[in-house]
Amino acid sequence: MPRLLVVEDDPAVRTTVVTFLELEGYSVDAVSSTGEALERLSENSYPIVISDIYIDDRTGLDVLDAARNKDPLCSVILMTARGTMETVMAATRGGAFDYVAKPFEIDRMLDTIKRAEAARSGKEEKEAGPDDLPESEMIGSSAAMVEIYKTASLVAPTDATVLIEGETGTGKELVARMIHRFSARASQPFVPVDCASISPALLESELFGALKGSYTGADRDRMGVIESANRGTVLLDEIGDIELNFQFKLLRFLQEREIRPVGAARGKQVDVRVLAATNRDMQKLVEEGKFREDLWFRLNVVRIVIPPLCDRRGDVPLLARFFLNKYNARYRQSARLMESGLKALQEYTWPGNVRQLQHLIERLTILAPSGRVDAAAVQQALTIMESREDPVETLAEAEEEQIRRVLAATGGNKSRASQILGIERKTLYRKLERMKP
């Protein structure tokens, strides 16, 4: 067992940590001031140093610098009850092995020390082996995905309308983009429009355009989405959400390939390929009278159904490695996917599908302790992601630490941080308000 150095000015905490570690078989040097710590580090090299941050006139960051200068391989574990954005950023830049918020469960500290030992000895858990990755995010080698590739490759060179069905987050837009990419229209625009996000009153003008003065606020002629995609491809996403009274106008456009801007006396021809996507059961909507049967037939020339991620878990390793490489490059990180982490990812049910996996891997790329995406890191990230608005105290502390680290990694970009954390921006603002000292 290696000899460790513990730097803690609180006698109760210092005694607890030292006693526990000695019972676990470690030899421990314990000091109560930064002066004593720096003196010990000038005389000795410690493989692992555990230090509070706020101690006296100097801080644990000074201990971190001294320990890493003495031994660049030293693993420094910092702990504090009042972490700030500045200290977390400084600790990360200074090469701290991990950052533990007080109060902490002593077993968590032991786990962190064990990980530090494993990393230093080179006996740590194996990294999951690499796979040959495709160039695009349309990833998967399962039988269901191969069938999708086959269908897409056959329909792409044609101008046939394609209806893409699948749960939210399965990659419907990626399939649409793949069809456009391998079509004769690939050099022309690909324009997606989310029909569900546009109010019914504005959907017609959004798609077909509008003339100046045709409605209140129309102070200029406005080109619609479909015309902007002329000679290219338009994706009508969430097609199942459009109102019944607009469906006839859409049907007429699909039949005649002619649009009539709101307020215009006559229509104009457009050369556009139409793809549609939905997470709804279209046949059920037709049976319930909520969607026109003739419009459904017109859209359903070729149908592609994307399975949920839980039905193709064999694709999780490829997806996880792809996203890890992507976000390592984006954030200049060097996170590694360990075998236990990969196993944990494969065992999860993924109610949010590929999009949920993507956001989780992005979060782990930034937050995984020492860049190791292992089972513990995956479980902690999933716990935070699934937590309610009012988690228990220890969960809240872990969440606050993650929020600080994500904000640090994104340069304070709250919109990007909320996406990585999997919460709405207004929720992030509320949590930040509660975090203020």
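Author: What follows takes the sheet, then its helices, and ends with a helix pair elsewhere in the chain. The model is predicted. Its open sheet has five strands in the order β2-β1-β3-β4-β5, paired in parallel. In general, strands of a sheet pair through backbone hydrogen bonds, either parallel or antiparallel. The edges are taken by β2 (27-31) and β5 (98-101); each has a single partner strand, so one side of each is left without a neighbour in the sheet. On average, neighbouring strands of this sheet are turned by 20° against each other, direction ignored.

One of the residues involved is Ile77, whose bridge partner in β5 is Asp98.

Helix α1 (residues 11-23) lies across β1 (3-7), β2 and β3 (48-52), and runs at about 170° to β2. Helix α2 (residues 34-43) also packs on the sheet, where it touches β1, β2 and β3. The direction of α2 makes about 135° with that of β2.

The helix pair is α15 (residues 353-367) and α18 (residues 414-421), which pack at an angle of about 110° with their axes 8 Å apart. Angles of 65 to 115 degrees count as roughly perpendicular, and α15 and α18 are therefore roughly perpendicular to each other. From α15, the contact is made by His359, Glu362, Arg363 and Ile366; from α18, by Arg416, Gln419, Ile420 and Leu421. The residues of this contact divide into three nonpolar, two polar and three charged.

Notes:
Residues are numbered from 1 along each chain as its sequence is written. This is a predicted model: local features need pLDDT of at least 70, side-chain atom pairs count only at pLDDT 80 or more; totals for chains, interfaces and linings use all residues. Side-chain values use heavy atoms; hydrogens and water are left out. Axes are lines fitted to C-alpha atoms, for helices over the stretch in contact, and angles run from 0 to 180 degrees between N-to-C directions. Helices (H or I, at least four residues) and strands (E, at least two) are DSSP runs, numbered from the N terminus. Angles under 35 degrees count as roughly parallel, over 145 as roughly antiparallel, 65 to 115 as roughly perpendicular and the rest as oblique. Contact means heavy atoms within 4.5 Å. Ala, Val, Leu, Ile, Met, Phe, Trp, Tyr, Cys and Pro count as nonpolar, Asp, Glu, Lys and Arg as charged, and the others, Gly among them, as polar. Two strands pair if DSSP finds at least two bridges between them.
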